[in-house]
Amino acid sequence: MSNDSDDLPRPGSIPGATPPSGSRETAPWELGRPDGFGDRQVGGDSYGPEDDDPPPPPRRRRRLPTFGSLGRFRGHRIALYAGLSLLVLVGVVALGTVGYVWWVTRDLPSVKDLQNYAPPVTTRVYAGDGTLIGEYARERRVFVPIAFVPKLVINAFTSAEDRNFYSHPGIDVSSILRAAIKDVGRVAAGKRPEGGSTITQQVAKNFKLNADVKLKRKIQEAVLALRLDSAYSKDKILELYLNQINLGQNSYGVAAAALNYFGKSLDELTISEVAFLAALPKAPSHYDPRYHYEAAINRRNWVIGQMEENGYITREQADAAKAEPLRANTRPLGSQTQDAQYFVEEVRRQLYSKFGGSQLYDGGLQVRSTLDARLQNYAVNALRMGLVRYDRRHGWRGAKKSIDVTGDWKAALTGLGNHSGIESWDIAVVLGYRGNDVRIGLSNGEAAIIPFKELQWARPQLANMEVGAAPSKPQAVVKVGDVIYVEAIDKRGNYGLRQVPEVNGGIVAIDPHTGRILALSGGFSYDSSQYDRAMQALRQPGSTFKPFVYAAALDNGFTPTAKILDAPFCMQQGPGMPMWCPENFEKHFIGLATMRRGIVLSKNLMTVRLAQAVGMDKIAPIAERFGVYNHLDPLLANSLGSTGTTLLRMTTGFAEFVNGGKKIQPSLVDQIQDRNGKTIWRHDERKCDGCNAEWHSQSEPLLDDTREQVMDPRTAYQIVSFLQGVVQNGTGVTVASVGKPLAGKTGTSNDSRDVWFIGFSPDLAAGVYVGFDNPRTLGKREQGATVAAPIFRDFMKGALADKPATPFRVPPGIEFVNVDRLTGAVVPPGTPGSIQEAFKQGSAPGEPGAPPPMVIGGDQPATTAPTSGATGVEEGTGGLY
């Protein structure tokens, strides 16, 4: 036996027990034989009794788990439970997310309606030559179909806003992740998150959602973007975006922004300009070049870099574009030309009255106005020059403001602003004196000089528009620190002293055959006063009303050689009222004189006597038919123009004399089209058969003359002849220097408060009014002939400069007789001092059946001929001429 492990008990043995004698050693896997059982030998093995079953296989003794094995078992179970819990949590979160997304998107608006997108579009007003003169809008927008948007514009905006626009399905996951990471830092810094919206998401937000930076809105935006991308083409989405996006300065859409910032259409923009526009969606106000020039430049250059990186432009193009200065000149809403501001505002009022605010500001109306840009320029300049002439005659009112020139006077001066409304004027401050000259500082910080000779006009203004002595030194006119208006008089730094007139006025010019208003200005400048004195101010027309008195007399049987007494006149006004005693402006009398002389010399007393003889009940209806008044009381004082009316009404009435007595309706607008180009209103409603026919040298189609005849055309011509005499020999003689056939009438109301000149050429009528807004005397020596007539003259000089000297048209039924200009007696042709007087056929002196000579006043009783009724009303030249 081996000695190994003799001291150790064998498995299954009892320590210390001695095995029985003669027995074999028990194998380690055997159990001891139980008592009372015999041995059984099977195959050399003894198992006990012969009929016993074999013993069961040996069983391993069950061992208790150790601490380490117990820990491993518990770890597996925890991991299992944790995994199951995580799966449940993920499922709950996923279901919750799906449920939340469903909940916040369940009521999302449909994107189908964007197929017929009709955004608010700017209403635009054009002059007769197609020049843009005005805009009205809540959102300045010019809709441009994507097919007409230049590729350069598309490339710039996709480079700046969404470089993967053409490849993603509406949302760009990579951009969202980048933005999310960036926004973590922004939120931590207390800043607003920016997001990573695609162009499609921006369309969804702009059209269907609000701008809240919330999870709910971002989810809605993403879902809508996916729907948009599946419903519309990329070009359609881009069209929506480029026409809707806010680009600052109330500019919505790229076309409006191109006009407002650069005055260009989209196809005229340079790379630099396109890149600037594409830089604006991020933060339009932050990149406004007027206030944040450097930021605007940097953002523009970044966009240019993106365009280069995407291969849309070359390196050379990018470098050249970055080197360009940014010259953005934003246009204000409303009038697009300084000279037409009153006109544009009157158009706006009429459009609002006719179509309402929604159509006016959102409907995209295209308005073709009657404005003639050339005539408008002449009208505005003539009115301004005339008002300044008058104002300088009546002295200097002194500076209205002053500043401290020892500090930063430039900043203080710039803050005051130029409110003159005159582009050539500048605001300046008096810095000191150099001899008799005045040193001034201009708004740009530069210094300049006002020579003493430019101060000579600045006499102090006294009461009743009188003036004091001429200044002897500059200190008598301006003091250091005075803020004044100046205008350059040469290129050597010399300026003249200017003053915004207190007096104001209006001018209007119309086509006498159609009523089209060709020029209109309601004041010195719209910036200094928005009150329109051409169409809104009710003022006494004074002597400009006299032609209607004389027309009533001619229509009621009087002839041009009828005699009227010019002498003192008084009449009772009623119980308890003082006597009414009108006077002539000149305070002297000429005795008996012809009708022609009465109107040519503007004699008040002759006019009153004539009105009394004819009857105001016959005069008032003529003024009403001519549109001067809606209703005029038949009071004798009204024969001298004592009831207020407007400049436009008076000018329209005079135009109806020169057009042969035809009624016209003044209009600022020729035609209005809706946003789709359909004509929805026209001033001229006549139909023209054949106007659209192909031209094959056929005769021009003739249009019916639908104008109402409101006066015998022969009477109308006789008034034209009288008014021509006013220009040739009367109170309007200053107008004769124009050198063309002209006619007109001066007007001066009581105490020279309102002064007028209304006149015309054969094809152009114009009127001028001047007065204070709070009526007071213009000065005892001022009248229509000295203030208003020169303005009319200056306008007509420009307006008719390239026109032939067209004579006034004579209607059928008029015959000319040579008469003495002063007495009206018939004289042989060629007699010195004679004129050709216009008589209605059969009424000339000496003709059979002619009425007897008529005299009003004097030693003879007043006589009048029978009224002419409607004789000859249908006669005349007819048509538009």
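What follows is a walk through the disulfides and then through a sheet and a helix.

This is a predicted model, in which local features need pLDDT of at least 70 and side-chain atom pairs count only at pLDDT 80 or more, while totals for chains, interfaces and linings use all residues. Residues are numbered from 1 along each chain as its sequence is written, and side-chain values use heavy atoms, with hydrogens and water left out.

How many disulfides does a search of the whole structure find? The search finds two, a disulfide being taken here as a pair of cysteine sulfur atoms within 2.5 Å. With bonded cysteines counted along the chain, the disulfides follow the pattern 1-2, 3-4.

One of these disulfides is formed by Cys570 and Cys581, whose sulfur atoms lie 1.9 Å apart. The pair links distant parts of the chain, eleven residues apart, with both Cys570 and Cys581 in the loop between strand E17 (563-566) and strand E18 (591-594); strands here are DSSP runs of at least two residues, and helices (H or I) are runs of at least four, numbered from the N terminus. The link of Cys570 and Cys581 is right-handed, with 120° about the S-S bond. Cys570 counts as partly exposed because its relative accessibility is 44%, where buried means under 20% relative accessible area, exposed over 50%, and partly exposed in between (1.4 Å probe, protein chains only). Cys581, at 36% relative accessibility, counts as partly exposed.

The sulfur atoms of Cys688 and Cys691 are 1.4 Å apart, and these two cysteines form a disulfide. Their link is right-handed, with 65° about the S-S bond. Cys688 has 25% relative accessibility and therefore counts as partly exposed, and Cys691, at 44%, counts as partly exposed.

Three strands form an open sheet in the order E18-E17-E26, with mixed pairing, where two strands pair if DSSP finds at least two bridges between them. The edge strands, each pairing on one side only, are E18 and strand E26 (855-856). E17 and E26 pair in the parallel sense over two bridges, and Lys563 stands opposite Val855 in E26. Helix H16 (residues 604-614) packs on this sheet and touches E17, E18 and E26, contact meaning heavy atoms within 4.5 Å. The direction of H16 makes about 130° with that of E17, with axes taken as lines fitted to C-alpha atoms, for helices over the stretch in contact, and angles running from 0 to 180 degrees between N-to-C directions.
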